[in-house]
Each structure stands twice: as C-alpha cells, then as structure tokens.
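Work through the exercises below with the sequence and the model open. Try each task before reading its solution.

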Amino acid sequence: MPTVFMVDGFRFFFYSNEHHPVHVHVSYDGGEAVFEISNGVALKTAHGMSVKSLGKAEQLAKKNIKLIKEKWDVFFT
C-alpha cells in the first residue's frame with residue numbers, strides 16, 4: 001500500500017491493485033474513507049470516521065489534489 005502523504009494523523013494511500021477512476025484512501029483513528037479525484041474531490045465511501053474528520057480529510061485531499069494525481073500516474077503507469 002503506497003502512502004501518498006501523511007499529515008495530522010491522516011494517511012492518504014493507494015492499494016497496489018487499484019482501478020480507475022483515480023481515487024485515494026484515507027485512514028484516520030481506525031476509520032477509512034475513499035475520495036474520488038477527478039475535476040475535484042468527492043467522497044465515495046466512509047466508515048468509522050466522524051463528520052469532522054471527513055471534512056478535514058476532504059480539505060487535505062483538495063489541498064493536495066495535484067500530488068495525489070502525480071503519485072497515481074507514477075505508480076500505476
């Protein structure tokens with residue numbers, strides 16, 4: 001599971017057998033969420049994360065969208 005980045009306890013990562021569309025997994029405090037990354041950031045699934053934590057994860061994904069796309073391209077192409 002390649003880690004894209006970590007900040008404030010949030011770990012953004014991919015699984016090694018990922019599929020399109022481009023998306024990133026986020027783990028935090030025992031929970032996990034998945035955000036689709038295309039023209040923006042959209043929450044796809046979540047479990048075990050508070051609304052506040054999901055909001056923070058979404059903000060971090062938006063702030064780092066370029067990095068997420070670059071890491072995806074490097075790892076999966």
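The model is predicted, so local features need pLDDT of at least 70, side-chain atom pairs count only at pLDDT 80 or more, and totals for chains, interfaces and linings use all residues. Residues are numbered from 1 along each chain as its sequence is written, and side-chain values use heavy atoms, with hydrogens and water left out.

**Exercise 1.** State in which order the five strands form the sheet, and which strands stand at its edges.

Solution. Step 1: strands (E, at least two residues) and helices (H or I, at least four residues) are DSSP runs, numbered from the N terminus. Two strands pair if DSSP finds at least two bridges between them. Step 2: the order is S1-S2-S3-S4-S5, in an open sheet with antiparallel pairing. Step 3: S1 (3–7) and S5 (41–47) each have a single partner strand, so one side of each is left without a neighbour in the sheet. Step 4: as one of the pairings, S3 and S4 (residues 31–37) are joined antiparallel over six bridges. Tyr 28 stands opposite Gly 31 in S4.

**Exercise 2.** Classify the ring pair of Phe 14 and Trp 72, then that of Trp 72 and Phe 76.

Solution. Step 1: rings of Phe, Tyr and Trp (its six-membered ring) pair if their centres lie within 6.5 Å; planes under 30 degrees apart count as stacked, over 60 as edge-to-face and the rest as tilted. The whole structure has seven aromatic pairs. Step 2: Phe 14 and Trp 72 are 5.2 Å apart centre to centre with 90 degrees between the planes, which is edge-to-face. Phe 14 is in the loop between S2 (10–13) and S3 (23–28) and Trp 72 in H2 (residues 65–76), so the pair ties together parts 58 residues apart in sequence. Step 3: the ring centres of Trp 72 and Phe 76 are 4.5 Å apart and the planes are at 45 degrees, so this pair is tilted. Step 4: Trp 72 is buried, at a relative accessible area of 3%, and Phe 76 is partly exposed, at 24% (buried is under 20%, exposed over 50%, partly exposed in between; 1.4 Å probe, protein chains only).
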